[in-house]
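Have the structure open while you read.

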Amino acid sequence: MESQNRSSFTGKLGFVLAAAGSAVGLGNIWRFPYLAAKYGGGMFLLTYIILAVTFGFSLMVAEVAIGRKTGKSPIDAFQALDRRFTWVGWLAAIIPTIILPYYSAIGGWVIKYMVGFITGQASTMANDSFFGDYIGMTVEPIVWFLVFIGITAVVVMCGVEKGVEKVSKFMMPILVVLILIIALYTIFAMDGAVDGVIYYIKPDFSHFSIMTVVAAMGQLFYSMSLAMGIMITFGSYMKKEISIEGSTHQIEIFDTGVAFLAGLMIIPAVFAFSGGDESALGKGPGLMFITLPKIFDAMPGGDIIGAAFFIMVLFAALTSAISLMETIVSIFQDKLNMKRIPACLTVLGISLVLGIATCLGYSAWSSFTIIGMQLLDFFDFISNNILMPITALATAIFVGYVLKPKAIIEEAECEGNRLKGKKLFTVMIKYIAPIFIVLILISSILDFFGIVKI
Ligand code: TRP
C-alpha cells in the first residue's frame with residue numbers, strides 16, 4: 001500500500017458503494033435486531049439513531065479525513081501524523097483479527113440455514129429447539145465455519161474481491177426488498193406482531209439503562225465499521241473533490257436503514273411467535289436464526305423466500321468478511337514484510353484456531369465460559385465494548401488536541417466542499433465524545449467484571 005501508486009475510487013458513488021459494502025453485513029441483519037430486542041426496543045433504536053447522527057458522524061468524518069489527508073493505511077497514517085499515536089493504528093489492527101473468526105462462525109450458521117431451505121427443511125428448522133441443538137453439535141458447525149472462512153480466504157488469496165463485490169452490489173437491493181416483504185408479511189399477517197412493532201418503535205424510558213448506551217455504541221462502531229482503521233483505509237483511496245460530509249451521510253443513512261428494516265422483520269415476529277413473552281426478546285445471538293425460519297415456515301412460498309434470503313445474507317456477510325481479512329492481510333504485508341500468500345495463510349491460521357474455539361464454545365466446551373460469557377459473546381464484547389471504544393477515544397483525543405479539528409475541517413472542505421456540521425464535529429470530537437466514551441468504558445468494564453450489574 002504505497003501512497004505513490006495508490007489507486008483511487010472513481011467517484012463519489014464508488015466510495016459510497018465500497019464503504020457501504022463493508023458496512024452492511026451481519027452487523028445489520030443479525031446483530032442489530034438481537035441487541036434492539038434485548039436492550040429496550042424503541043429506547044435502543046432512539047439511542048442508536050442519536051449516537052449515529054452525532055457521534056458516528058463525527059468519528060467517520062475524522063477517520064475518512066485522516067485517511068485522505070495522509071493517503072496511508074491506519075498504522076502509517078497515525079505514525080505520519082504523530083509518532084506517539086502509532087499504537088492506535090496497531091490497536092485498530094487487532095480488532096478485525098478478533099472479529100473475523102467469530103464473524104465466520106456466524107457465516108457458517110448462515111450457510112447451514114441456506115442449505116436447509118434449499119433442501120426444503122423449513123419446518124424442521126422452524127422448531128424451537130432446532131437452533132440450540134444445531135450449535136450444540138460438535139462437528140457440523142465447524143464444517144460450515146470452515147466452508148465460510150475457506151471461501152473468504154480463497155477470494156482474498158486469489159485477489160478476486162472485485163468479482164464478489166459485483167455480485168453483491170446486485171444482490172444488496174434484492175436483500176433490502178426481501179427484508180421489507182418479510183417485515184410487511186409478519187406485521188400484517190400475524191397475530192400479536194403489532195405489539196412488537198410498538199415495542200420496537202416507541203421509546204419506553206423504563207427500558208433505559210446504561211447498558212442500552214453501551215450496547216448501542218458498540219453496535220454503532222461495529223455496524224459502520226468504525227474504530228478499526230477501515231474508514232482510514234477507505235479515505236486514503238478517496239479523491240479530493242468528493243465531499244466527505246455528503247458521502248458520510250449517505251453511508252450512515254443506508255447502513256442504519258438496513259439495520260432498522262432488519263429489526264422490523266425480526267422483532268414483531270418474536271412477539272407474534274412468543275405471544276408477547278418478554279423473555280423471548282433476550283435470546284441473544286441466536287435470535288435471527290430462531291425467529292426467521294418460523295416466519296418462512298408460516299409464509300406461502302416460504303421455502304423459496306427463505307432460501308433466497310439466506311443466499312443474499314451470505315453474500316452480504318462474505319463481502320464484509322473478505323474486507324475484514326483483506327485489512328489484516330495488508331497490515332501483515334506492510335508491517336511484517338510478509339508476502340501476500342504467507343500473510344493470507346497466517347491470518348487463516350489464526351482465524352481457524354479462534355473460529356473453531358468459538359464453535360466448540362457452544363458444544364464440547366460449553367461449560368468453559370470467560371466471566372460468564374460463551375466464547376462468541378466474549379470475543380464480541382471484548383472487541384466492540386472494550387477495544388473499539390479505546391480506539392475511538394484515542395482517535396477523538398488525537399484529532400481534538402493533537403492534530404486539531406481544524407485540520408480535519410480543512411481536509412473535508414478542500415476543493416470547494418463544505419462541512420456543514422463543523423460546530424457539531426468540533427464539539428463532539430473535543431468534548432462530548434471523549435467524556436462520553438470514558439463513562440461508557442468504565443461502565444462496560446464494571447459490568448464485565450461483574451462488579452456492578454447494570
Ligand atoms: N460493518 C460490518 C457489519 O455490519 C462488520 C464490520 C465491522 C466490518 N468492521 C468491519 C466489515 C470492517 C468489514 C470491514 O457486518
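1. Helices themselves are DSSP runs (H or I, at least four residues), numbered from the N terminus.

2. Housekeeping: this is a predicted model, where local features need pLDDT of at least 70, side-chain atom pairs count only at pLDDT 80 or more, and totals for chains, interfaces and linings use all residues. Residues are numbered from 1 along each chain as its sequence is written, and side-chain values use heavy atoms, with hydrogens and water left out.

3. Start with α3 (residues 42–70) and α11, whose axes come within 9 Å and cross at roughly 50 degrees. α3 and α11 are therefore oblique to each other. On the α3 side the contact (heavy atoms within 4.5 Å) includes Met43, Phe44, Tyr48 and Phe55, which with their neighbours meet α11 residues including Val213, Met217, Leu220 and Phe221. The residues of this α3 and α11 contact divide into 13 nonpolar, five polar and no charged. For those classes, Ala, Val, Leu, Ile, Met, Phe, Trp, Tyr, Cys and Pro count as nonpolar, Asp, Glu, Lys and Arg as charged, and the others, Gly among them, as polar.

4. Next, α5 (residues 86–118) against α15 (residues 302–335): they pack at an angle of about 155 degrees, with their axes 8 Å apart. That makes α5 roughly antiparallel to α15. α5 passes α15 in a left-handed crossing, and the contact of α5 with α15 has 23 nonpolar, six polar and two charged residues.

5. α15 also packs with α9 (residues 161–189); the axes come within 8 Å and cross at roughly 135 degrees. α9 and α15 are therefore oblique to each other. The crossing of α9 past α15 is left-handed. Among the residues making the contact are Glu161, Glu165, Met171 and Leu178 of α9 and Phe309, Met312, Phe315 and Glu326 of α15. By class, the contact of α9 with α15 has 17 nonpolar, two polar and three charged residues.

6. Now the holes. On a 1 Å grid over the protein atoms alone, a cavity is a set of points where a 1.4 Å probe fits but cannot get out, and a pocket is an open set with protein on both sides within 12 Å along at least five of seven lines; lining residues have an atom within 4 Å of a point. A volume is the space filled by probe spheres set on the points, with grid points joined across faces, edges and corners. The count comes to three cavities of 30 Å³ or more.

7. The largest cavity has a volume of about 150 Å³. It is lined by 15 residues, of which Ser22, Tyr103, Tyr222, Ser225 and Leu324 lie nearest its centre. α1 (12–23), α2 (26–38), α5 and α15 each give two or more residues to the lining, and the largest share, three residues, comes from α15. This lining has nine nonpolar, six polar and no charged residues.

8. Which residues line the second largest cavity? They are Ala105, Trp109, Ile135, Pro141, Thr358, Cys359, Tyr362 and Leu376. Two or more of the lining residues come from each of α5 and α16 (340–360). The volume of this second largest cavity is about 50 Å³, and its lining has seven nonpolar, one polar and no charged residues.

9. Last, the second largest pocket, with about 590 Å³ of space. Of its 29 lining residues, Lys38, Tyr39, Met373, Asp377 and Phe381 are the closest to its centre. The largest share of the lining, five residues, comes from α17. The lining of the second largest pocket divides into 17 nonpolar, five polar and seven charged residues.

Conventions. Axes are lines fitted to C-alpha atoms, for helices over the stretch in contact, and angles run from 0 to 180 degrees between N-to-C directions. Angles under 35 degrees count as roughly parallel, over 145 as roughly antiparallel, 65 to 115 as roughly perpendicular and the rest as oblique. A crossing is left-handed if the near helix is turned anticlockwise from the far one by less than a right angle, and right-handed if clockwise.
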